[in-house]
Amino acid sequence: MPATVVVGTQWGDEGKGKLTDLLSKEMDVVVRYQGGHNAGHRIVVDGEAFALQLIPSGILYPSVTPVIGNGVVVDPGVLLSEMDTLQSRGVDTSQLKVSGNAHLIMPYHQEIDRVTERFLGKNALGTTKRGIGPAYADKASRVGLRVQDLLDEKIFREKLDVALKEKNAVLAKVYNRLALSSKEIADRYLTEYRPRIAPMISDTVSYLHDSLAAGKNILLEGAQATFLDLDHGTYPFVTSSNPVAGGACTGSGLGPRDLSRIVGIAKAYVTRVGAGPFPTELDGELSELLVSRGHEFGTNTGRRRRVGWFDAVMIRQAARLNSLTDIALTKLDVLDTFETIKVCVGYEAEGQRYEFPPYHQSVLHAVTPIYEELPGWCCDITSATRYEELPENARRYVEFLAKTTGVTISVVGVGPGREQFVRPA
Ligand code: GDP
Ligand code: IMO
Ligand code: MG
């Protein structure tokens, strides 16, 4: 069976965790392919909430094998504590596999993330300060330590010494910070983490291809989103990996022809955490209403999310960047109390209309959204179980979004719970 990808189409927090959980019912393997614990994927099962950072959201199904792919950056301390929390809540984590080629987040990555953000001052990106960017930078510079290095103490210490020599010079001389001890780091990673991580380290590429050959169903769970993509997002206000569907191949080792369904996750409005352009951003009362009705605070960092109207220009771009087959539209219920709802159907800048985002950042920063206004439905849709039960104006909104983006909407979320969704015919 070919694989399915879940990919964010906006700036993250679209509900990828919920959709991954929903689709995992029919899956045998669920893979995280990029990012690290900058992600926060919230799933609500029978009123109980789980917030996953590094572990694939499919883990809540005992029949699913969760895999952390080679494209992920792994902080082993965070991974182990996430496993412990899940275990203590009755979730079996014993089947978890971690790619030996995934890179390790080291203590100096987190330290560098913090101090560089501080140094940037008003130009800070608003990263999650988890060491994600510095870990990917070391991967690209070929001085990163990989998960498999935990298995060879000599290599681990050698690589750490080489990396730390340069990091400590930078930390001390540029940022006026204390040098980190190679011995302390090595002892923690090799003595505390290695015994528990080692049994999970696998050749995940072979495992995934063998699974496909055996007819198993694989789901690739993206973290972050299309417009946080290092290449295609609103650079430099992006993360340091490739969340787009192409990243599902490089980050897992499956080939492009192994993918069959690519589900884009889109909120019925838009949110963003951290700095960067946001054409449809709202402020004032409407933004307060969206934030409070949508509980728009970071799943892990607790930061308030910026909010705005649905932006079809972004989704058209996401459709072509990811080869989207369909869209899961989430949080439609958050709009329940709005009398009218705006949708951005194009941008305007210097007398020119744009159906897709302008490539030049100066133009993008200056665009004005062109809106269409639709009537709201002003009633509670959270208990709908069939698409036909949605009020006519809610269906009109969904169908308008499908038309203006050019992508079929296959699932509509009407609440955070596992069962709170309907499927348009
Ligand atoms: P992710 O990072 O893409 O997995 O998204 P997050 O979990 O960070 O943020 C999405 C939030 O919306 C979570 O709190 C979910 O429980 C919640 N959520 C997902 N789908 C729906 C929906 O259809 N309606 C409502 N009200 N909440 C939803
Ligand atoms: P999920 O998977 C929303 C944002 C940060 C910052 C930028 C760079 O839950 O959708 P980083 O720490 O990655 O170097 O930060 O990316 N960011 C996210 N925003 N959801 C996420 O993940 C995010 N992961 C990173 O706020 O603007
Ligand atoms: Mg999130």
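The tour goes from the metal site to the pockets, then to the cores and a few backbone details.

This is a predicted model, in which local features need pLDDT of at least 70 and side-chain atom pairs count only at pLDDT 80 or more, while totals for chains, interfaces and linings use all residues. Residues are numbered from 1 along each chain as its sequence is written, chains are lettered from A and ligands numbered from 1 in the order in which they are written, and side-chain values use heavy atoms, with hydrogens and water left out.

**Metal site.** Select ligand 3, a magnesium ion, together with Asp13 and Gly40, which coordinate the ion through OD and O respectively at 2.0 to 2.2 Å; donors here are N, O and S atoms within 2.8 Å of the metal (3.2 Å for Na, K and Ca), and because water is not among the atoms, sites may look incomplete. Aspartate 13 sits in the loop between strand 1 (3-8) and helix 1 (16-24), and glycine 40 in the loop between strand 2 (29-32) and strand 3 (41-45), so the pair ties together parts that are 27 residues apart in sequence. Helices (H or I, at least four residues) and strands (E, at least two) are DSSP runs, numbered from the N terminus. Aspartate 13 is partly exposed at 23% relative accessibility, whereas glycine 40, at 15%, is buried; buried means under 20% relative accessible area, exposed over 50%, and partly exposed in between (1.4 Å probe, protein chains only). Now colour helix 1, where nine of its nine residues are buried.

Next, show Asn38, Thr127, Thr128, Val238 and Thr239, the closest to the centre of the largest pocket among the 43 residues that line it. About 870 Å³ of space lies in this largest pocket, and helix 3 (107-120) gives the most to its lining, with six residues. A pocket is an open set of points on a 1 Å grid over the protein atoms alone, where a 1.4 Å probe fits, with protein on both sides within 12 Å along at least five of seven lines, and lining residues have an atom within 4 Å of a point. Then move to Arg42, Gly294, Arg305, Lys331 and Pro416, which lie nearest the centre of the second largest pocket, lined by 25 residues and holding about 600 Å³ of space.

**Cores.** Which residues touch the most other members of the largest nonpolar core? Select Leu220, Leu332 and Tyr397, which do so in a core of 54 residues, where a nonpolar core is a set of buried Ala, Val, Leu, Ile, Met, Phe, Trp, Tyr and Cys residues joined through side-chain atoms within 4.5 Å. Helix 12 (residues 392-405) gives the most to this core, with four residues. A second, separate core of 38 residues includes Leu60, Val98, Phe156 and Met200.

Glycine 222, in the loop between strand 10 (218-221) and helix 8 (245-250), is buried with a relative accessible area of 1%. In that loop between strand 10 and helix 8, select proline 236, whose peptide bond from tyrosine 235 is cis, with omega near 5 degrees. Finish at aspartate 46, in the loop between strand 3 and strand 4 (48-52), where phi is near 50 degrees, a positive value in a residue other than glycine; aspartate 46 is exposed, with a relative accessible area of 72%.

Technical notes
Grid points are joined across faces, edges and corners, and a volume is the space filled by probe spheres set on the points.
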